[in-house]
Amino acid sequence: PGMDGWSVLSALKADPVTHGIPVIMVTMLNDRRLGFTLGASEYLTKPVDQDRLRRVLATRIGKPTAPALVV
């Protein structure tokens with residue numbers, strides 16, 4: 001609570017425990033450069049095309065072996 005997506009991304013990438021987790025940023029803002037600078041693995045804008053999201057997940061994660069957290 002009280003954190004925007006950019007703050008959450010920064011916090012995840014600053015923490016050694018979560019640093020290596022791929023983060024796919026999904027936002028209304030079209031600022032890809034900022035997303036990648038902060039450590040996003042991929043950057044999508046809303047509204048999200050479900051097929052594109054599936055392709056990005058398959059490319060970044062591969063075949064799922066565990067649940068993925070979508071926030």
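This is a predicted model: local features need pLDDT of at least 70, side-chain atom pairs count only at pLDDT 80 or more; totals for chains, interfaces and linings use all residues.
**Exercise 1. Where is the place of Pro47?**

Solution. Step 1: Find the elements on either side; helices (H or I, at least four residues) and strands (E, at least two) are DSSP runs, numbered from the N terminus. Step 2: Pro47 sits in the loop between β2 and α3.

Residues are numbered from 1 along each chain as its sequence is written, and side-chain values use heavy atoms, with hydrogens and water left out.

**Exercise 2. Find the buried residues of α1 and describe how they are arranged.**

Solution. Step 1: Use the cut-offs: buried means under 20% relative accessible area, exposed over 50%, partly exposed in between (1.4 Å probe, protein chains only). Step 2: Trp6, Leu9 and Lys13 are the buried residues of α1. Step 3: Look down the axis of α1: these buried residues fall within an arc of 65 degrees (taken from the directions from the helix axis to the C-beta atoms), so they line one face of the helix. Step 5: The packing partners of the buried residues of α1 are β1, α2 (32-37) and β2 (42-45).

**Exercise 3. Is Glu42 buried or exposed?**

Solution. Step 1: Locate Glu42 in strand β2. Step 2: Its relative accessible area is 11%, so Glu42 is buried. Step 3: List its contacts (heavy atoms within 4.5 Å), leaving aside neighbours within four places in sequence; among them are Val23, Arg32, Phe36 and Arg60.

**Exercise 4. Describe the largest pocket.**

Solution. Step 1: A pocket is an open set of points on a 1 Å grid over the protein atoms alone, where a 1.4 Å probe fits, with protein on both sides within 12 Å along at least five of seven lines; lining residues have an atom within 4 Å of a point. Step 2: The volume, the space filled by probe spheres set on the points, is about 850 Å³. Step 3: The pocket has 23 lining residues, and those closest to its centre are Val23, Ile24, Leu69, Val70 and Val71. Step 4: α1 gives the largest share of the lining, 5 residues.
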